[in-house]
Amino acid sequence: MNKNRIEIDIKIPNQTRYLRLIGKIGEELAIGLNEYSGNCNTLAYYINLVITESVINTITHANACDPDKMVHLSIGIEHDELVIRVFDEGEGFDINNVPPPDFEGLEEGGRGVFLIRAIMDSVNYRKMGTENVLEMRKSLKNK
Amino acid sequence: MNLDIAEQKKLVVIAIKEERLDAHNATDLKSELLALFEQGKKNILINLQDVRFIDSSGLGALVSGFKNAITNQGSLKLAGLQPQVKSMFELTRLHRVFDIYPTAADVPELP
């Protein structure tokens with residue numbers, strides 16, 4: 001395995017109480033990145049947020065808030081990118097059809113995917129065998 | 001969810017004593033705010049100085065409270081935002097919606 005490659009594979013119950021734990025794991029990974037050229041504390045917050053937003057989407061939509069289901073995600077470093085993948089076996093959705101928030105209106109929801117897109121360099125959601133994967137990448141260079 | 005609720009003249013000050021305001025506890029805050037509005041308490045200050053992390057659900061709970069305050073001819077102000085929490089309001093443009101004060105002591109008294 002490449003010495004610069006890290007992959008942390010996590011499975012948690014489909015419950016919001018675990019958001020803190022997985023967010024913290026992402027933060028700790030980001031804080032320890034020697035190769036990141038920006039502010040590691042800001043990156044740590046952002047990674048915590050992206051993990052929280054993507055997993056809550058899986059908990060509520062793909063897994064329909066069923067506390068007996070599991071959420072599978074991976075957080076890692078591949079080459080010069082931080083990569084987060086969240087897997088689900090739900091019906092899937094077209095992430096490109098999620099509208100941006102109405103900045104003039106005052107909706108309670110609808111900001112999660114916007115925040116993920118604003119923070120990460122690439123975001124895609126696709127079918128992979130029997131499951132779907134939301135893959136989010138952020139370059140660690142020249143930022 | 002851990003909250004300290006105190007009344008200062010016409011203002012109800014809610015200090016959120018949690019490190020995170022997120023999808024796990026945002027509903028609790030929404031319910032607490034609704035209960036206050038139902039009691040006729042409509043001018044709210046939320047002190048976020050202990051909150052290190054907020055997500056879109058946390059922001060949504062504050063927007064919900066803000067809308068309810070306006071509907072009740074009241075107000076919902078914020079104070080004590082840590083820099084990274086403040087940056088979430090800026091990313092989502094919500095800093096234009098809320099009256100945000102550096103600390104709770106900076107909030108002017110209601111007439």
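**Notes on the predicted model**

1. In a salt bridge, the side chains of Arg52(B) and Glu27(A) meet at 3.2 Å, N to O; the model is a predicted one. Between chain A and chain B the count is two salt bridges.

2. The contact between the chains draws 25 residues from chain A and 26 residues from chain B, and the two chains bury about 2300 Å² between them, 59% of it on carbon and sulfur atoms. Of the area that chain A buries against chain B, Tyr45(A), Leu106(A) and Glu108(A) supply 32%, which is more than any other three residues.

3. Ser56(B), placed in helix H2 (residues 56-71) of chain B, has a relative accessible area of 11% and is therefore buried, the cut-off being under 20%. Not counting residues up to four places away in sequence, Ser56(B) touches Glu53(A), Glu108(A), Arg111(A), Gly112(A) and Leu115(A).

4. Within chain A, the axes of helix H1 (residues 19-31) and helix H2 (residues 40-62) come within 8 Å and cross at roughly 150°, and the crossing of H1(A) and H2(A) is right-handed. Among the residues that meet there are Leu19(A), Ile22(A), Gly23(A) and Glu27(A) in H1(A), and Tyr45(A), Ile51(A), Val55(A) and Ile59(A) in H2(A). The residues of this contact of H1(A) with H2(A) divide into 13 nonpolar, five polar and one charged.

Key. Residues numbered from 1 in each chain as written. Chains lettered and ligands numbered in written order. Predicted model: local features only at pLDDT ≥ 70, side-chain atom pairs only at ≥ 80, totals over all residues. Heavy atoms only, no water. Axes fitted to C-alpha atoms, helices over the stretch in contact; angles between N-to-C directions. Helix = DSSP H or I, 4+ residues; strand = E, 2+ residues; numbered from the N terminus. Left-handed = near helix turned anticlockwise from the far one by under 90°. Contact = heavy atoms within 4.5 Å. Nonpolar A, V, L, I, M, F, W, Y, C, P; charged D, E, K, R; others polar. Buried < 20%, exposed > 50% of the residue type's maximum accessible area, 1.4 Å probe, protein only. Buried area = accessible area lost by both parts, 1.4 Å probe. Salt bridge = Lys/Arg side-chain N within 4 Å of Asp/Glu carboxyl O.
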